[in-house]
Amino acid sequence: MIFQEKLMPKYGALLDRLKAFVVASSINLKYFDITPFGLKIAAENIINPLRTDSQPFLSLLQVLDRKAFGSGEAGELTAPKWLFYDCAEFPGGIFGFGFQGKESSLQAKQLMGLDKDYRGLVPISMLITIPMIEPGVWMSHTLSSLSQALPGEGLAGLGALTKTLAIKVFRVRMLYGATQWDNPSVYIHAKFGPLKLVTAYTPAHSLENTFTYCVDINDEVLIRILTDDSPRTSDYSFFLAVDDIAKMKEMQGQIEEHKAEYWIAGPPCRKDNKAFVPIKMTPC
Ligand SMILES: CC(C)(COP(=O)(O)OP(=O)(O)OC[C@H]1O[C@@H](n2cnc3c(N)ncnc32)[C@H](O)[C@@H]1OP(=O)(O)O)[C@@H](O)C(=O)NCCC(=O)NCCS
C-alpha cells in the first residue's frame, strides 16, 4: 500500500496474511477503484457474478454471512441467495478479505465447511454496499467479519479494515448505513463519524432498535483510520443506553418533526456491562 510504513501494525499484519477480493458485475467494475491505496487485488479474486464459474465463491459468501450473524436475533438478518444477487452482487459491490494458498487457516476452512485440501480463497470478511441514486452516495448493507469466530488467528481489526478499504474501492463520497444500537459494529462505524442520524428507531426494519446514519467520506478520513484509529469522541449532549427504546422513540419523533438533529459522537462506552452511545443533539 502507498503508506505501508504508517499503517497501524494490526492492519499491516492483516494485509500481510490475507488476500482482498471484490465482487462486482462487469457492468459496474469499471467505475470502481480496484487498487485501493495501492493495494493489489489479484485478477482471480475479482469475481463477476454474471459468470457461472463465480458460483462456488458466491456460495461461500452466503456461508460467511450465516457464520458471522449466527442464530438468535442477529440470525434474522442473514440474506437469501436471490437477495445477494438482486440487491448486492449485481447492482452494488462486495469487498472483503480471505485466506488463500499456504497462508490458509485450517480453522477457517473448518468453520466455512470446506475440505482441508481446499486451495481456493476462503472469505472471512466482507462489506456489502448498494448505490443510492445520487452519484457517490452508497448504503452500507452489511458488514461481516469472522475475526471473533476464529480465536487465536490474530484477526483483530478485520472488520474496520474491511469497511475502510471497501469504501475506497466503491469510491464512496457519502455513506448511509443501518445498524442496531446494541450491535458491536457501532464501534467500527463510529470511527468514520460523527454519524448523523436519519432514523433513531426504525419499525420499518426487521429489528426496530435499528438506527440509520449518514456520514461524509473522504481520503483524509480513511487514511486517518488506517494510520491511527484510536477512539475519538467529539462534543456530545448525552449518553443513550443501547436498550432505551423509549429514548430512541423520542429521538425519532424529534427527527420526524424536524425539531432536533442527532449525531453519534463516538464509540459506545461500557458501564456495569452495558453499552452507552454518546449522542450530540442540536435543536432545529
Ligand atoms: C461486528 C463485527 C463486524 C466486528 O468485526 P471485528 O473484526 O471483530 O471488528 P474489529 O476487530 O475491526 O473491531 C473494531 C473495534 O470494535 C471493537 N469491537 C468489536 N466487537 C466488539 C464487541 N463485541 N464488544 C466490544 N467491542 C467490540 C473492537 O474492540 C475494536 O475497537 P478498537 O478499534 O478501539 O480496538 C463482527 O463481529 C461481525 O461480523 N458480527 C456479526 C455480524 C454483524 O452484526 N454485523 C454488523 C451489522 S451491519
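Q: Which residues does Thr210 touch, not counting residues up to four places away in sequence?
A: Thr210 touches Ala178, Thr179, Gln180, Thr202 and His205. Contact here is when the C-beta atoms of two residues, placed from the backbone, lie within 7 Å. Before we go on, this is a predicted model: local features need pLDDT of at least 70, side-chain atom pairs count only at pLDDT 80 or more, and totals for chains, interfaces and linings use all residues. Residues are numbered from 1 along each chain as its sequence is written.

Q: Got it. Where is Thr210 found?
A: In strand β8, residues 210-216. Strands (E, at least two residues) and helices (H or I, at least four) are DSSP runs, numbered from the N terminus.

Q: And is Thr210 buried or exposed?
A: Thr210 counts as buried, because it has 20 C-beta neighbours inside 10 Å. The cut-offs: buried is 20 or more other C-beta atoms within 10 Å of a residue's own, exposed is 12 or fewer, and partly exposed is in between, with C-beta atoms placed from the backbone.

Q: How far apart in space are Thr210 and Trp181?
A: They're 6.1 Å apart, C-alpha to C-alpha, while sitting 29 residues apart in sequence.

Q: Let's zoom out. What domains is the protein chain divided into?
A: Domain 1 (1-171) and domain 2 (173-284), with bounds that come from an automatic or database domain assignment. Their centres, taken over C-alpha atoms, are separated by 24 Å.

Q: How many residues does the largest nonpolar core have?
A: 67, and those with the most contacts inside it are Phe95 and Ile264. Such a core is a set of buried Ala, Val, Leu, Ile, Met, Phe, Trp, Tyr and Cys residues joined through C-beta atoms within 7 Å. The largest share of this core, 7 residues, comes from α7.

Q: Where does this core lie, relative to domain 1 and domain 2?
A: Between them, because both domains give residues to this core.

Q: What about the ligand? How many residues surround it?
A: 22, and the closest are Ser145, Ser147, Gly159, Pro184 and Tyr187. A residue counts as near if its C-beta atom, placed from the backbone, lies within 6 Å of the molecule.

Q: What gives the most to that shell around the ligand?
A: β5, with 4 residues. The shell draws at least three residues from each of domain 1 and domain 2. By class, the shell has 11 nonpolar, 10 polar and 1 charged residues.

Definitions and conventions. Ala, Val, Leu, Ile, Met, Phe, Trp, Tyr, Cys and Pro count as nonpolar, Asp, Glu, Lys and Arg as charged, and the others, Gly among them, as polar.
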